[in-house]
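I opened my notebook to write down what I looked up in this structure, one entry at a time. I wanted to follow the strands, the helices and the confidence of the model.

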Amino acid sequence: MLAVYKRELRSYFQSMVGCVFVAFLIAFTGIYFMAYNLLSGYPYFSYTLSGSIIVFLVGIPLLTMRSFSEERRNRTDQLLLTAPVGLEKIVMGKYLAMVTVIAIPNVIFCVFPLIIKAQGTAYPLVDYISIGLFFLLGCVYAAVGMFISALTESQIIAYIGTFGILLVLYLWDGILSMLPSSDVSGLMGVLIVVTVIAFYIWRMTDNAVLSGVVEAAGVIAALIVYFVKSSLYENLLTNLLGRLALADVFTDVTSNSIVDLSGVALYLSIIAVFVFLTVQAIQKRRWS
Amino acid sequence: MIEVKNLVKKYGNHLAVDHLDFTIEPGRIYGFLGPNGAGKSTTMNIMTGYLGATEGEVVIGGHDILKEPEKAKRCIGYLPEQPPLYMDMTVREYLEFAAELKEIPRRKRADQVTEVEKMVRIRDVEKRLIRNLSKGYRQRVGLAQAILGYPEIIILDEPSVGLDPKQIIEIRQLIRSLAKKHTVILSSHILAEVREVCDYILIISKGKLVASDTPENLERMLGESGTVELETKASPAEVREILKNVPGIEEITAKAEENGITRAQIMEKKGEDVRERVSLAFADRRKPLLTLRTAGATLEDVFMELTQSEQLPDAFTRHMEQAAGTEADRKKREDQAAAVDMENIDRAVGDDRNGEGDEQDAGSL
């Protein structure tokens with residue numbers, strides 16, 4: 001794992017992608033910092049940071065796009081996959097290298113609250129927590145990006161795919177407000193999810209009986225719940241899907257100074273899920 | 001050492017590897033021979049754990065590649081068809097990375113990388129970026145990577161593709177020297193290479209193993225009743241006249257060449273060797289015999305026969321019966337041979353190093 005990690009990290013800075021990412025993020029945040037904190041005298045660095053999310057949307061796909069797609073195109077994955085190293089370790093090595101690159105600007109950000117402090121009142125606790133969450137959000141985005149990169153041979157598609165997904169997640173609140181909140185729509189949503197899961201099982205196992213049973217059981221269960229207690233379905237879509245507005249956990253801190261611990265758990269579990277999915281995606285390709 | 005049992009690989013409806021069974025014993029050089037697209041690379045990719053098989057199992061040094069992948073992979077060094085090189089690294093960096101990946105202990109790593117660099121002669125380019133190296137050097141870096149860690153088995157997929165003749169000779173020498181300590185498996189679609197380098201040949205066609213034996217035995221399979229070729233200073237009519245009463249001859253074809261020389265081919269009856277009688281017959285008539293030699297079936301014939309025919313067993317028996325056959329059959333084989341890309345340069349090199357091979361090639365093709 002260490003070998004992969006070291007190679008990836010070195011390659012990020014040799015290929016300039018890492019440098020560009022770090023420089024871009026710091027320069028952008030620096031401009032915000034100057035405008036909000038220094039010129040306007042607003043004492044929260046966290047607010048400045050919330051403006052930098054947009055750099056993540058553009059910059060993180062840049063870091064993740066080549067992680068697996070390039071290996072696959074250049075056939076260097078043959079070296080990794082035939083070496084006596086577990087696939088999980090290879091994926092983790094690469095992921096940790098990305099995380100390290102994302103950590104570098106965040107470590108530098110830690111200086112900014114001190115500058116504010118030197119000028120007068122500062123709120124270091126909120127600021128540092130928000131830097132921590134900002135970093136964690138970056139890690140979530142990187143996990144998503146790595147997964148997309150493992151699905152394709154093309155770096156461009158990996159970039160655009162990741163960027164698109166991150167952008168949709170960023171605009172999620174606005175999209176969500178258009179969803180209906182009635183109990184029937186909630187039921188429809190559940191049925192769609194059950195069908196998607198059944199379809200996925202069918203694709204993975206080629207077992208029509210199994211997926212049929214899952215579909216039938218899901219539909220019956222959903223209908224029973226609907227007839228027994230339809231109020232459960234009210235606002236279900238907005239509540240469930242609302243969790244996907246990942247940046248909310250971070251913006252809660254930056255705009256309201258509210259730290260949502262379950263949000264941190266959500267971040268960590270999303271990272272775990274996408275790292276796992278990346279391993280699975282690569283495994284599956286070897287078998288198809 | 002390696003056991004491959006009932007290996008099947010399907011890509012959608014396409015059967016790339018079709019129930020392959022073989023065993024690799026230690027200390028030999030094995031050659032996978034087959035036309036392009038026969039399933040050689042796929043088989044190697046499955047053996048090294050890069051691809052999963054649809055059915056069947058691969059056991060390496062007692063470890064199943066699926067159940068204990070890390071232990072099994074530790075026994076193998078692999079050079080894929082396209083060397084897996086990182087263009088943004090220098091040769092030294094790359095080899096050190098590969099050494100670390102193969103879990104060579106830190107204190108041995110630098111020494112071993114240097115040793116391997118010397119072995120494949122890339123020490124003078126170790127500080128250069130791989131991106132800037134020529135194809136031949138890249139191939140050698142890939143080979144160095146496969147040797148690192150000195151695994152028991154070294155698997156090389158088309159190791160000499162894209163190299164110039166001198167490099168090909170060097171790489172073959174290297175492969176032979178590797179075989180002293182390692183088991184080497186290489187794949188190739190070039191006969192001369194396999195015949196020259198390998199101790200044992202597995203011929204694969206359309207995903208099936210169609211023959212496996214030593215090169216000599218494979219040639220013998222087809223060469224039981226052979227053809228004798230001769231050149232003489234006599235007219236074709238005289239040749240027929242001289243040979244009319246020589247026993248053991250099935251058929252004669254003779255053709256006048258320039259300078260009054262006639263080139264003739266004599267089909268022997270099964271189990272006969274007519275050379276002695278032929279030379280005496282010419283001597284009796286005081287006609288000078290310029291050359292006289294057996295043109296047995298070569299590996300090329302075996303290869304063509306096994307990989308081109310739709311129904312292998314039938315074709316094979318037919319060939320045995322006809323034993324090099326009539327002129328028409330011969331013509332057909334020539335056409336088939338011409339249709340296959342044999343990489344002439346490579347053959348020339350191979351044959352330069354093997355005078356006998358040269359003669360045989362000339363005889364059969």
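**Entry 1: a sheet in chain B**

I began with one pair of residues in this predicted model, and found that Leu230(B) has Leu292(B), in β14(B), as its bridge partner. I then looked at the two strands as a whole, and noted that β11(B) and β14(B) pair in the antiparallel sense over 6 bridges. On the pairing of β11(B) with β13(B), I wrote down that it is also antiparallel and runs over 6 bridges, with Thr232(B) facing Thr262(B) of β13(B) as its bridge partner. Going on to β12(B), I found that this strand and β13 (residues 262-268) of chain B are paired in the antiparallel sense over 7 bridges, and that Ile249(B) has Glu268(B) in β13(B) as its bridge partner.

Putting these strands together, I could write the order as β12-β13-β11-β14 in an open sheet of 4 strands with antiparallel pairing. Which strands stand at the edges of this sheet? They are β12 (249-256) and β14 (289-295) of chain B, and because each has a single partner strand, one side of each is left without a neighbour in the sheet. I also noted a twist that averages 15° from one strand to the next.

Next I looked for helices beside this sheet. Helix α9 (residues 236-243) of chain B packs on the sheet, where it touches β11 (227-232), β12 and β13 of chain B, and its direction makes about 160° with that of β12(B). Helix α10 (residues 275-284) of chain B lies across β11, β13 and β14 of chain B, and runs at about 165° to β14(B).

**Entry 2: another sheet in chain B**

I turned to the strands β2-β1-β4-β5 of chain B, which in that order form an open sheet of 4 strands with antiparallel pairing. Here β2 (14-24) and β5 (63-64) of chain B stand at the edges with a single partner strand each, so one side of each has no neighbour in the sheet. Strand β1 (residues 2-11) of chain B pairs with β2(B) in the antiparallel sense over 7 bridges, and within this pair I found Tyr11(B) opposite His14(B) in β2(B). A helix packs on this sheet as well: α1 (residues 40-47) of chain B touches β1, β2 and β4 (55-60) of chain B, and its direction makes about 120° with that of β1(B).

**Entry 3: helix pairs in chain A**

For chain A I looked up how helices pack on each other. Helix α5 (residues 66-73) of chain A and helix α9 (residues 124-151) of chain A have axes 6 Å apart and pack at an angle of about 20°, which makes α5(A) roughly parallel to α9(A). I recorded the crossing of α5(A) and α9(A) as right-handed. Where do α5(A) and α9(A) meet? Arg66(A), Ser67(A), Phe68(A) and Ser69(A) in α5(A) meet Met146(A), Ser149(A) and Ala150(A) in α9(A), and the residues of this contact divide into 3 nonpolar, 3 polar and 1 charged.

I then followed α9(A) to helix α10 (residues 155-170) of chain A, where the angle is about 140° and the axes are 9 Å apart. That makes α9(A) oblique to α10(A), and the crossing of these two helices is right-handed. The residues that α9(A) brings to this contact include Tyr141(A) and Ile148(A), while those from α10(A) include Gly161(A) and Leu166(A).

**Entry 4: where the chains touch**

I found 17 residues of chain A in contact with 23 residues of chain B. On the side of chain A, the elements that give two or more residues are α1 (2-14), α6 (77-82) and α16 (261-287) of chain A. The residues on this side divide into 7 nonpolar, 7 polar and 3 charged.

**Entry 5: confidence**

Last, I checked the scores, and noted ipTM 0.83 and pTM 0.77 for the model. Chain A averages a pLDDT of 89, with 100% of its residues at 70 or more; its confidence is lowest in helix α14 (residues 236-242) of chain A, at a mean of 75, and highest in helix α7 (residues 87-109) of chain A, at 95. Chain B has a mean pLDDT of 80, and 79% of its residues reach 70 or more. Over residues 310-331 of chain B the pLDDT stays under 50, and over residues 337-365 of chain B it is also below 50.

Key. Residues numbered from 1 in each chain as written. Chains lettered and ligands numbered in written order. Predicted model: local features only at pLDDT ≥ 70, side-chain atom pairs only at ≥ 80, totals over all residues. pLDDT = per-residue confidence, 0-100. Pairing = 2+ DSSP bridges. Contact = placed C-beta atoms within 7 Å. Axes fitted to C-alpha atoms, helices over the stretch in contact; angles between N-to-C directions. Parallel < 35°, antiparallel > 145°, perpendicular 65-115°, else oblique. Left-handed = near helix turned anticlockwise from the far one by under 90°. Nonpolar A, V, L, I, M, F, W, Y, C, P; charged D, E, K, R; others polar.
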